[in-house]
Amino acid sequence: MFSRIRRSFYRTSAWRLALRSTLVFAAGCAVVFLAMYIVVARAVQERSDSWLMGESETLKQVALTTPRDGLYDRIVEEVAEQASQEVSYDGSGHPIEGNTVFFAETNGSGQPPVWVGPEESAKFLEALRRIRPAQGTPVSVRVPGWRAPFRVVAVSMKPGEGHIYLGLLDAEAAALMRRLLVRFALGWLVMVVLGFLVTLMGLRRMLRRVDAITGTAASIRSDDLSTRVPVKDQRDEVARLARTFNNMLDRISSTVNQLRTLTDSMAHDLKSPITSVRGRLEIALSLDDRSQSAELVAGALEQLDRLSDVITTSLDVAEADGGALRLRPQTVDLSELAGRVAELYGPAFADNHQIFAISADRPVVVQMDVPLCTRMLSNLMENELHYAGAGAEVRLAIGEEGNFAAIRVEDNGPGFSAELLENAGDGSPEPTRVFHRFVKGSGSQGHGLGLAFVSAVAMAHGGRASARNRSDGRGAEIVVELPLGEGKHQPQQSTQASVS
Amino acid sequence: MRLLVVEDDKTIREFLTRALAESGFGVDASALGREGEKLALEGVHDALIVDLALPDMDGLELIQRLRAQGVTAPVLILSARRSVDERVSGLERGGDDYMTKPFAVAELLARVRALLRRSTPSQSEATRLRVGDLEIDLIRREAKRGGAEIQLTQQEFALLEYLCRNAGRVVTRAMVLDHVWKMRIDTSTNIVDVHIHRLRNKVDRDTQQPLIRTIRGVGYVLKD
């Protein structure tokens, strides 16, 4: 169990990201510390090197000026001793543990060199033989048995007279550098570990919030869309993701609720006509008179047609409201289409004792789905036929208003009731109640879908429908605006269906 | 004329068979795509009526397979799916016409006849149509009843011409809207009734024998 948890922990993005960033961080820190160490080490070395160079010059002068007699070796040794005292004691006369100085002078004559320094001179002389004395520049020389290298400066006497070697092991500096190295290493380790832990914890905290979103998404069921991701007062990317996710859930839940309402209303709206169809057919079956029964069957058929129409329109409106109505826009002259619709409806207005006029003189070119827009115009006309009342004057005008093509339908009938023009205030894209599904006037025989369809089609095209009572007193006015030229929906590459 | 109906819904298959048989067609029917394919490959059918949702095979696939095997008979697609894309893809993949359920039998018959006309070489287009004592001249755009000229508007003439071309057959409101006003709107509006009423007032006035009849719940028929 534990190993499984550990294994799964090692598979988390938090672990991987923390590991990667820590590796980069560690490498970066190591480079910086190393550079600092090198700078300090050079500065320390320069201090001992300058002492060596100064002293070696003094010793050279002493060696050159001292006569080569029996006392020569003693004098040189004395001077060297004195020089070594300088570095073996600190300013206040306390000996400095471990500081070691040696002096050697070789002469070209093959006599044993003059030696001042630790007793095991043979090891030193052996090590010195290996170096090539570069005039006046200190070099590092390792002597077997000594932990740190000596800095050694070699100075040539006159040609053929040998060399002076002055060596210094600055134990204090070496210890300082060792301490520095240890502290740097410790500091580096602490930084890396701390950095890793902070990164890991930060990432885990962030990714736990992502996990919360995953968990919420997994817990969403079709019958319960109420779960939301908890969002604190944060403004980072994860909080944005969570808010976006919650907004998406809100929208889905609103769509589902709309669909539920729709199915409920449709079920309600379908039940009575189905009952009536059933009733008519039952009676028709029991009648002997064929003409009477045919009458009933015909009535049932008509009712079925209306039912089918209600279903189709409801689905279209629902799809349009849900943004799922697929348009196949074509470039057409709206005025010409309106003219044909007017020709179709003209006689009906006359029969209804209504006066109908159309003003669509100039071509208004619009990208639109022709069958949907034809039905929309037809719905607007039907609406006038049914509700403008006998004797009303109805006017259909097609024109351009700004970037929109405007379909304006006016009448001088009774107008809309105040209730229908109310703002529904339910946050739906269409605020006016009269354009809502299943909202109908008190005298309406319809299903409250005609104007809902008008608004849905307008919105699917990136336009809108608005309704008001005319400002000059009596009558209603409905304006449908469709974008001119290219609408919200790019025209799809449609293959013209050759349907006959 | 022999037709093949491939439709899995038993009630629809049966009433289609019956309606088509009563209209004088020989009908074979199948509930399955595979069986339908076998029947169609016999090559004896003048037209096919294919439902899209078959239990063993997509109707579109069936049409495509038949076309690939050289079956050229026109195909009328039936579907409950009403999306435009479905319609277009059906027509692109070898279908010749597309009807969504629910449909009127009259319209189905009209479409089948139209498909059959399209697939057989047509006789030279008539310039005059005559039904009983009604005669219309398609070139001069004149209509006479019993020798007396009837004054008709352009729309009324187009409507009468459509009824005459389908004389003896029932046409639905949707068919009239589609063919006369070039509007494909499925609406339960009775707007067409207004036009039929006006036309009838001109054609059938002062006569004992009305030609234009309303078949309630279905549509209209012009019949001697």
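So, chain B: its secondary structure comes to eight helices and twelve strands. Keep in mind that this is a predicted model. Of the 224 residues in chain B, 38% are buried. And if you take the contacts between residues at least 6 apart in sequence, 55% of them join residues at least 24 apart.

If you want one pair to click on, take B:Leu4, which stands opposite B:Asp28 in β2(B).

Also in this part of the chain is helix α1 of chain B, residues 10-22. That helix has 13 residues and spans 18 Å from its first C-alpha to its last, close to the 18 Å you'd expect at 1.5 Å a residue. Just after α1(B) comes B:Gly24, and that glycine takes a positive phi of about 95°.

Okay, next up, a sheet. Which strands make it, and in what order? Four of them, all in chain B, in the order β6-β7-β8-β9, and the sheet is open with antiparallel pairing. Look at the two edges: β6 (128-131) and β9 (148-150) each have a single partner strand, so one side of each is left without a neighbour in the sheet. Going from one strand to the next, the twist averages 25°. Zoom in on β6(B) and strand β7, residues 134-137: four bridges join them, and they run antiparallel. Within that pairing, B:Leu129 has B:Ile136 of β7(B) as its bridge partner.

Most residues other than glycine have a negative phi, and most peptide bonds are trans. Chain B has a few spots to look at with that in mind. B:Arg141 sits in the loop between β7 and β8 (142-145) of chain B, and its phi is near 55°, a positive value in a residue other than glycine. Is B:Arg141 buried or exposed? It counts as exposed, because it has 12 C-beta neighbours inside 10 Å, and the cut-off for exposed is 12 or fewer.

B:Lys182 also has a phi near 55°, positive again and again not a glycine. You'll find B:Lys182 in the loop between α7 (173-180) and α8 (191-203) of chain B. B:Lys182 is exposed, with 11 other C-beta atoms within 10 Å.

And the peptide bond? Between B:Lys101 and B:Pro102 it's cis, with omega about 0°. B:Pro102 is in the loop between β5 (97-100) and α5 (105-119) of chain B.

Last stop, over to chain A, for a pair of helices. Two packed helices are described by the angle between their axes and the distance between the axes. Here, helix α5 (residues 171-219) and helix α6 (residues 237-286) of chain A have axes that come within 10 Å and cross at roughly 10°. That angle makes α5(A) roughly parallel to α6(A), because it falls under 35 degrees.

Which residues make the contact? From α5(A) we have A:Met206, A:Arg209, A:Val210 and A:Ile213, and from α6(A) there are A:Val238, A:Leu241, A:Ala242 and A:Phe245. Sorted by type, the contact residues come out as seven nonpolar, no polar and one charged.

Definitions and conventions: Residues are numbered from 1 along each chain as its sequence is written. Chains are lettered from A and ligands numbered from 1 in the order in which they are written. This is a predicted model: local features need pLDDT of at least 70, side-chain atom pairs count only at pLDDT 80 or more; totals for chains, interfaces and linings use all residues. Axes are lines fitted to C-alpha atoms, for helices over the stretch in contact, and angles run from 0 to 180 degrees between N-to-C directions. Angles under 35 degrees count as roughly parallel, over 145 as roughly antiparallel, 65 to 115 as roughly perpendicular and the rest as oblique. Two residues are in contact if their C-beta atoms, placed from the backbone, lie within 7 Å. Ala, Val, Leu, Ile, Met, Phe, Trp, Tyr, Cys and Pro count as nonpolar, Asp, Glu, Lys and Arg as charged, and the others, Gly among them, as polar. Two strands pair if DSSP finds at least two bridges between them. The expected span of a helix is 1.5 Å times one less than its number of residues. A residue is buried if 20 or more other C-beta atoms lie within 10 Å of its own, exposed if 12 or fewer, and partly exposed in between; C-beta atoms are placed from the backbone.
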